[in-house]
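Hi,

Here is the structure I promised to pass on to you. Please have it open while you read, as my notes on a few residues follow below.

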Amino acid sequence: MDHYYKERFHVQQDLIKKIAPLTETGDILEMVREQLRSLIPNAMEVCVLLLDPDAAKYTSPLQCALYDRPVSCQSCKRDRPAVQQAIARKKAVVVADSDPIVRPDGSRMTVGPEYAMPVFVENRILAIVSVVIQPLTRYTRRDFYLIRDFANVLGTILLTARRQWEITREKIRISQTLASLTPFVPGSVRRMADKNPELLTREKETKQVSVLFIDLEGYTGLSATRPEAQVNAVIEKVFSSFVDPIHRSHGEINETSGDGFMIIFKDHDPKTNAMNAVKAAFEIASRCRSVSLSLAGELDIPDMGPMTVNMGISSGTALVGMTRFKGMLDTRMTFTASGSVTNIAARLSDHATGGDILISRTTRDLIEGLWPVYDRGKAKMKGIFEPIQVYSLLKPA
C-alpha cells in the first residue's frame with residue numbers, strides 16, 4: 001500500500017525549515033496552516049481551532065478566509081458538525097454534506113466536505129485541524145496522511161508554547177507589566193541598552209514605522225464617579241491585558257498618559273509593521289471588552305459596563321531614537337518616534353468614538369486587500385492644517 005512516505009518526509013522537512021526562524025506561536029501556526037492549505041489541491045480553508053482554555057495567553061486565534069471580513073476560526077468553525085463530532089468521538093471525522101458558511105451579511109458560501117482532526121497533547125485535545133474543500137470534490141488518501149502528519153506537528157508546537165508560557169508566567173507579573181507602562185518606559189530603554197549600548201549615544205535615524213495610539217473611552221466618567229484606588233485598579237488591569245498582544249505583534253510601548261498610550265512598530269518592512277499594528281489593535285479591542293466585563297464583578301462595580309478603546313493607526317517616515325529628558329537631579333530617556341506620522345495617529349485616536357479603529361491613508365495602502373477598510377471621509381483635526389482622509393477597520397453600524 002502506498003503511504004506516500006517519501007513525499008511526507010520531504011513535506012515535513014520543508015515545514016521544519018520554514019518555521020525554524022519564527023519565534024511567535026501565532027506566526028508558526030499561520031505558517032503551518034498556509035503550508036497544509038497549499039498541499040491539498042481542493043482546499044478552500046484550513047483552520048486551527050484552539051481548545052486549550054489557556055491558549056489566549058500564549059498565542060492568538062487564526063482568522064478564517066471564508067468570510068468577507070476578519071472572523072476568528074474559533075467562532076466560525078467551533079459549532080460545525082465535523083468539529084463537534086471530532087471532539088465528542090476523540091478521533092478524525094469527515095462530514096460529506098457540509099452546511100454552507102453563513103456570512104454576517106446573510107450571504108452563504110457553499111462548501112464541500114469537511115474534515116476535522118483532533119490534535120492530542122498528553123492525552124488532551126488542545127486543538128482541532130479543520131479542512132474544508134471545494135464542493136463536488138473529495139479527499140484523497142494522501143490528504144488524510146498529510147493532515148494527520150500536520151496535526152502531530154501542531155501538537156508539538158502547542159506543547160512547546162504552553163510549557164514556555166508556564167515557565168515564564170511567574171516572571172510576567174503585574175508589577176513588571178506596569179513597569180513597562182511608566183511614562184518614560186525606562187525598562188524598555190534598559191533592555192535596548194543591554195542588547196546594544198551604542199543606542200544610548202547614537203543619533204536618531206529616519207525609519208518607516210507604524211504608530212498605534214490607544215485611548216480608553218469612559219475613563220473620565222469613571223474617574224468622576226469612583227474612588228481613585230478603584231479607578232487605578234481598573235486601568236492597571238485593563239492596560240496590563242494589552243501587553244502580551246502588543247509584544248506578540250512586535251510592538252514597543254512608548255509613552256503613556258492616564259487613559260492611553262502609544263505603540264511603535266518599527267522592526268520590519270513598512271507593510272509588516274502596518275499589519276502588526278492592525279493585528280494588535282483587533283486583539284486589544286477584544287481583550288478590553290472581556291477584561292472590563294470581568295472586572296465589573298471582581299471590583300464590585302455593577303454599573304461599569306464594558307469599556308472600549310478608541311484607536312488610531314498611521315504609517316510613514318519618523319525620526320526614531322532615544323530622547324533625553326533632563327531635570328535638575330537626573331536625566332531620563334525613552335525611545336520615541338517623532339514626526340507627522342505620530343501626530344496623525346494621535347489625532348485619529350482622539351477622533352475615534354465607540355471603540356472605533358481609525359487608520360490613515362498610508363496605513364490603508366499598506367494593508368490593502370488584507371482587511372476590509374471603510375471610508376469615513378475627510379476630517380479636520382487639531383494641530384493638522386489640512387483635513388485628512390480617514391478610514392476605519394470596523395464596518396459602520
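Arg 248 counts as buried because its relative accessibility is 13% (buried means under 20% relative accessible area, exposed over 50% and partly exposed in between, with a 1.4 Å probe and protein chains only). Arg 248 belongs to helix 9, residues 228-248; helices (H or I, at least four residues) and strands (E, at least two) are DSSP runs, numbered from the N terminus. Beyond its neighbours within four places in sequence, Arg 248 is in contact with Glu 24, Ala 56, Lys 57, Tyr 58, Thr 59, Ser 60, Glu 283 and Arg 287, where contact means heavy atoms within 4.5 Å.

A word on how to read all this: the model is predicted, so local features need pLDDT of at least 70 and side-chain atom pairs count only at pLDDT 80 or more, while totals for chains, interfaces and linings use all residues. Residues are numbered from 1 along each chain as its sequence is written, and side-chain values use heavy atoms, with hydrogens and water left out.

Next, helix 10. Pro 270 is found in this helix, which covers residues 270-298, and with 32% relative accessibility Pro 270 counts as partly exposed. Not counting residues up to four places away in sequence, Pro 270 touches Gln 208 and Leu 366. Its C-alpha atom is separated by 10.0 Å from that of Thr 362, 92 residues apart along the chain.

Asn 273 lies in helix 10 too, but this residue counts as buried, at 1% relative accessibility. What does the side chain of Asn 273 reach at 3.3 Å? The backbone oxygen of Gln 208. Gln 208 is also among the residues that Asn 273 touches, along with Val 209, Ser 210, Phe 265, Lys 266, Asp 267 and His 268, leaving out residues up to four places away in sequence.

Now the aromatic rings. A search of the whole structure finds 8 aromatic pairs (ring centres of Phe, Tyr and Trp, its six-membered ring, within 6.5 Å; planes under 30 degrees apart are stacked, over 60 edge-to-face, the rest tilted). Phe 239 and Phe 261 have ring centres 5.0 Å apart and planes at 85°, so this pair is edge-to-face. Phe 239 lies in helix 9 and Phe 261 in strand 9 (residues 260-265), so the pair ties together parts 22 residues apart in sequence. Both Phe 239 and Phe 261 are buried. Phe 282 and Trp 371 form a tilted pair, 6.4 Å centre to centre with 40° between the planes. Trp 371 is buried, with a relative accessible area of 9%. Finally, ring pairs link Tyr 115, Tyr 139 and Phe 144 into a cluster.

Best wishes

Terms used: Polar contact = N/O pair within 3.5 Å; in protein donor to acceptor, adjacent residues only side chain to side chain.
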